[in-house]
Amino acid sequence: MADNGPEDKNAGSQPILTDPPFYLPEFEQSYRYIIDEYDVAPKDIAIFMPCAVRKPYSASPSHQLIRMIIGQVFDESQYHVVIFGTCGIVPAELEEMYPYAHYKYMLGKCKDHKILEDFLRIETDRVAGYLEKTRHTYTYRIGYCIGLFREALIRGSEKSGVKIDLILPTRDMINKVVEEGDCVFEEGSLSMDEYLGEFCNELIRFRNVHYGQSRES
């Protein structure tokens, strides 16, 4: 694509943004571009993953692990990765578009309840908007997320009336990780072996239920 959206031509020279991105006009402008103008190509499955500290997102070690598992279970022609979280919500192929590769912010380190509440409200609306836009773009939707990101995805689904068919990790697995309690963040990290193992197993189960047996088995 020749032009990936607002300010794309100057993206390489843009400064790194460090304020909470969900407040910034640059993110609202790019969100509106995605909702109002960007043509999302139809795929059978949308897989929603949280944004990452490292940019572009696909360079993140956790994203590489998650994508590797997805690629082992589904053919690339079947699914579309969508990134959401403090960035708002963005199709993964636009990850280098300004401002998505030009900010540094970690919601997990924020202790300000007002900021956390604002994030949940803003992100719920943005998730709902994307789900509404793509209501007929996907057959199934899968989310892999924890914490406030998970809550925003669930609330966005409820607000839009568009179902998320599978949300992982399961609540039982999250509770198990929390009870063990040896994590930097309360619910741990999506790159933990416990979460990734369940993610792989549940994707295989989902594939076998909806598509029959495995691609190679």
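Helices H5 and H6 are roughly antiparallel to each other, a class assigned to angles over 145 degrees, with angles under 35 degrees counted as roughly parallel, 65 to 115 as roughly perpendicular and the rest as oblique. In this predicted model, the axes of H5 (residues 171-180) and H6 (residues 193-211) come within 10 Å and cross at roughly 170°. Axes are lines fitted to C-alpha atoms, for helices over the stretch in contact, and angles run from 0 to 180 degrees between N-to-C directions. Helices (H or I, at least four residues) and strands (E, at least two) are DSSP runs, numbered from the N terminus. On the H5 side, the contact (heavy atoms within 4.5 Å) is made by Met173, Ile174, Lys176, Val177 and Glu180, and on the H6 side by Glu194, Tyr195 and Glu198. By residue class, this contact of H5 with H6 divides into four nonpolar, no polar and four charged residues. Ala, Val, Leu, Ile, Met, Phe, Trp, Tyr, Cys and Pro count as nonpolar, Asp, Glu, Lys and Arg as charged, and the others, Gly among them, as polar.

The model is predicted, and local features need pLDDT of at least 70, side-chain atom pairs count only at pLDDT 80 or more, and totals for chains, interfaces and linings use all residues. Residues are numbered from 1 along each chain as its sequence is written, and side-chain values use heavy atoms, with hydrogens and water left out.

The buried residues of H5 are Met173, Ile174 and Val177. They cover an arc of only 100° around the axis and therefore lie on the same side of H5; the arc is that of the directions from the helix axis to the C-beta atoms. Buried here means under 20% relative accessible area, exposed over 50%, and partly exposed in between (1.4 Å probe, protein chains only). The buried residues of H5 pack against helix H4 (147-160) and H6. Asp172 and Glu179, on the other side of H5, are exposed. Just after H5, Gly181 takes a positive phi of about 65°.

Helix H4 also contains Ser157, which counts as buried at 12% relative accessibility. Leaving aside neighbours within four places in sequence, Ser157 is in contact with Leu131, Val162, Lys163 and Ile164. Val73 lies in helix H2 (residues 61-73) and counts as buried at 1% relative accessibility. The C-alpha atoms of Val73 and Ile204 are separated by 6.1 Å, although these residues are 131 residues apart along the chain.

Side chains of opposite charge can pair when their charged atoms come close. A search of the whole structure finds eight salt bridges, each defined as a side-chain nitrogen of Lys or Arg within 4 Å of a carboxyl oxygen of Asp or Glu. In helix H1 (residues 25-36), Asp36 and Arg32 lie four residues apart, about one turn of the helix. Asp36 forms a salt bridge with Arg32, with the closest N and O atoms 2.7 Å apart. Asp36 is exposed, with a relative accessible area of 52%, whereas Arg32 is partly exposed, with a relative accessible area of 33%.

In helix H4, Arg155 and Glu151 are separated by about one helical turn, because they are four residues apart. Their side chains meet in a salt bridge, at 2.8 Å from N to O. Arg155 counts as partly exposed at 37% relative accessibility, and Glu151 counts as partly exposed at 30%. Glu202 is buried, with a relative accessible area of 18%. Lys114, Asp118 and Arg121 are linked in a network of salt bridges.

The secondary structure of the protein chain comes to six helices and five strands. From the N terminus on, these elements run α-β-α-β-β-α-β-α-β-α-α. Of the 217 residues of the protein chain, 53% count as buried. Among contacts between residues at least 6 apart in sequence, 74% join residues at least 24 apart.
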